[in-house]
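Visitor: I have a structure to go through with you. Can we take it piece by piece?
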Amino acid sequence: MSFYRPINPRAPFIWHGGDYNPEQWPPAVWDEDMRLMQQARFRVATVGVFSWVTLQPEEERYDFGWLDQVIEKLSAAGRWLCLATPTAAQPAWMSQRYPDVLRADEYGRRVHHGGRTNYCPNSPTYRHFAVQIATRLAQRYGQLPNLLIWHVSNEYATPCYCTTCAEKFRGWLRARYGSLEELNARWWTRFWSHTYTDWSQIEPPYANGERSIHGLTLDYRRFQSDSLLECFCLERDALRAITPDVPITTNLMGTYPHLNYRRWAREMDVVAWDCYPWPNADPADIAFSHDLNRGLRDGQPFLLMEQTPSTQNWQPVNALKRPGVLRLWSYLAVAHGADSVMYFQWRRSRGSCEKFHGAVVEHSGRSDTRVFREVSELGAELERLGDLTLGARTPARVAVLFDWENWWAIDAAVGPINPKEYVGFVRKHYRALWRQGVPIDIVFSDSELQRYAVVIAPMLYLLTPELAERLRHWVAEGGTLITTVFSGVVDPHDLVFAGGPPGPLREVLGLWVEETDALYPEQRNQIVWPDGRRYACGTLCDLVRLEGAEALATFGADFYAGRPALTRNPYGKGQAFYLATDAEARLLEEWYGALLAEHGIAPALRAPAGVEVVPRETGTRRLLFVLNHTAQPQTVPLPAEQSFHDHLAQRDVRERLDLAAYGVALLERSARA
Ligand code: GLA
Ligand code: ZN
C-alpha cells in the first residue's frame, strides 16, 4: 500500500527536531546551535516560520543572506530542513501601506497591526505577497538535497469580518444557491421578517448584527474555513510548481473550532499537527487528538510538528512535564500514527510573549540540563529505531465519528440546553472506548465505513442525507451503529428534518423522538436495566417512541420513568443502538466492553489500568506500544508460550513486562517462542 512509504524517501526515519528561529539571535549563537543540535540528535530544523520581515524588510527589498548562512550551517552540520513560508504574520510595512491586509473582528472593526494570523484571508494584497514570498523561497532553496518538506505558514486561524470578505461571501452564496429565492428558502428567512430582497443586503454574522439566521452563521463558517484554505492552496500550488517532489503541509491544531480540517487534509500531502495538552490531561484525550489527526487522511501517518519539551506558557497552569513524560507522550504520538517527534522550540526566546515557553535550549544556554538530556536521549533512541515504525497503520475495527459542520451547527443552536458541549461529549464516548484497550479510528461524515464493525456517532445533530444513506446501507450489511440524543435533527442547511429527529435515521434506529427534556447541571435521571443495574444520566433526555426497536434500559425517574433510555434495533444483518441521554462514563465503559466482546474485538494485551497498549502494523511487522501513563511502576502479564522483543530496551521479554513509572516498551512478537 502506498502508505508504507516514508513522508519523504530522503529521510526514512522518525523525524526528530523542531522550530528553529535563528533570526531572533545574533549569528554568534548559530555555531553553538549547530553543535548542540548534533548533540541533541535534533535532526530536522523548521526554519522561517515567522521570518517574513527579516526576509523582506521592505516591499521591494529582500534579504536572503542570513537564511543562506543559516541553511549552509545546518547543511554542514548534517541537519535536514523543514522549510516554512513566513506568511502567518505579515510585516508592519505591509499593514501600514496596504490596510486591506488587516482582518476585521466580529464587529467588522479593522484590527490594528500586531500579533499573528492578523490578516484577511481574502485580501488580494495579502495573497499576492504570500504567493510571492513562497515562490522566492522555492526558487532559492527548492533544490537543496536536505529539504524534506514545505511547512506553509503556521497554524492558520481566525475568521475575518471585513468588507472584502463580505463581498466575496455574497459571491460564494450566489454560486452555492443560484438564486435569492433558493437562499431565502434554505435559510428560513421569513422568520422575523428576515427575507433578503437583494444580494447586497447579506452581511457576515456580525456580533452586533445578524445571528438569528443559522443558515447564515453556518455558511459563514464554511466560507471562512474555505477562504483560509484557499490561502494555503495558493502557496502550495506556487511551491509545487517549482518543487513537485517535495511534500507540502501546514500545522493544524487538533479540535480547532474554526477550520474544517477534514476538508483541509484533502489538500495537504501529509497532516501535521501541534500537540499541547494540558499538563494534567487524561491520556485518552491526547490519544483522541492523535487519532483525529490520523483519521484526517484516512489512516495515513501524520507529523507531530510541535510539542513542548518541558512547559507551555499560555495555559492557566503550565506545569513542567515530569521526568519521563516527554518520552512517554512522544511515543504516545508515534503509537497513534506520528512519523515524527518535533518541538516548539529549539532555543527559548529572551523577549516577547513566549519567553516562558519551554525549549530544548533554555535561557541558561546549557546542555547539562534535565530537558536537554531528556531530548537528547530520546533523539538517540529514535535514531536507533530507524524506519521500524514508519508508515505503519492502525488496525482499528471501531470508529468514533466527529464532524466540524455538525459542531458548528450544534454551537449555533439555541436550545434545548445552552451552551452545548459537542467536543466534550464525543471525547466522553471515545474515552470509554479507549479504556477497553482497543485501537480506535476517528472518522468523519464522508469517511469510508466498510472496514469497521462498530461505529459510534455521538450527537450527530447535523446529518447529511448521503451519510444517512451510507449508515443505513452499512448497518444493513452487518454494521453496529450507536448514536445518541440530539442526533438526526437538522440537514446541512440547518433545517430541522420534516418529521423531527432522528430524521433519516428513523428507519434504521426503529424509533422517533417525541420530546427532549433538558436537565439542570446538578440534576440527574437514571438509566435502569431490567436486572436492576442503575446508572446516572443527565443534560438531555429524549422521550422516545419505539417503532420496531426494543428498549434495553429505561429512565428511572420523573414523568418519563419507564420510557426507553437505550434501545436496540436489528436492521438487515446489523443493528442500531440509540442512547437517548448523556450517560455516566461507567455505563459507557461497561456497555462498550460488552459490545466489543460480542464482536470479538479484544485488546492485544490485557494491561492494568493506566497502561495503554497500542498496535501499529506495517506490511511486515506487528508492533505493540505499551505506555505506562502512571507515576508508578507497572507490570503487564504477557501471554504464556510467547516471547517478545522490546525494541526500546533492546531485549527479549517473556511472561511479564515490567515498566518503570511513565515507562514505554515497543514490543514485537518473536518469530519463535
Ligand atoms: C503554536 C505555534 C508556535 C508557538 C507555540 C507555543 O503551536 O505554532 O509558534 O507559538 O504554539 O505553544
Ligand atoms: Zn476579510
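Predicted model: local features only at pLDDT ≥ 70, side-chain atom pairs only at ≥ 80, totals over all residues.

Visitor: Where is Asn 21 found?
Guide: In the loop between strand S1 (15-20) and helix H1 (27-40).

Visitor: Is Asn 21 buried or exposed?
Guide: Buried. The relative accessible area of Asn 21 is 7%, and the cut-off for buried is under 20%.

Visitor: Now the metal. What are the protein donors of the zinc ion (ligand 2)?
Guide: Four SG atoms, from Cys 120, Cys 160, Cys 162 and Cys 165, lying 2.3 Å from the zinc ion.

Visitor: Which spacing do the donors follow along the chain?
Guide: The donors of the zinc ion (ligand 2) follow C-x39-C-x1-C-x2-C. Cys 120 and Cys 165 are 45 residues apart and link distant parts of the chain. Cys 120 is in the loop between helix H4 (92-97) and helix H5 (124-141), while Cys 165 is in helix H6 (residues 163-177).

Visitor: Are Cys 120 and Cys 165 buried or exposed?
Guide: Both Cys 120 and Cys 165 are buried.

Visitor: And why is the arrangement around the zinc ion (ligand 2) tetrahedral?
Guide: Because the 4 donor atoms subtend angles of 100 to 119°, and four donors count as tetrahedral if all angles lie between 85 and 135 degrees.

Conventions: Residues numbered from 1 in each chain as written. Chains lettered and ligands numbered in written order. Heavy atoms only, no water. Donors = N, O, S within 2.8 Å, 3.2 Å for Na, K, Ca; no water. Tetrahedral: all angles 85-135°; square planar, octahedral: opposite > 155°, others 65-115°. Helix = DSSP H or I, 4+ residues; strand = E, 2+ residues; numbered from the N terminus. Buried < 20%, exposed > 50% of the residue type's maximum accessible area, 1.4 Å probe, protein only.
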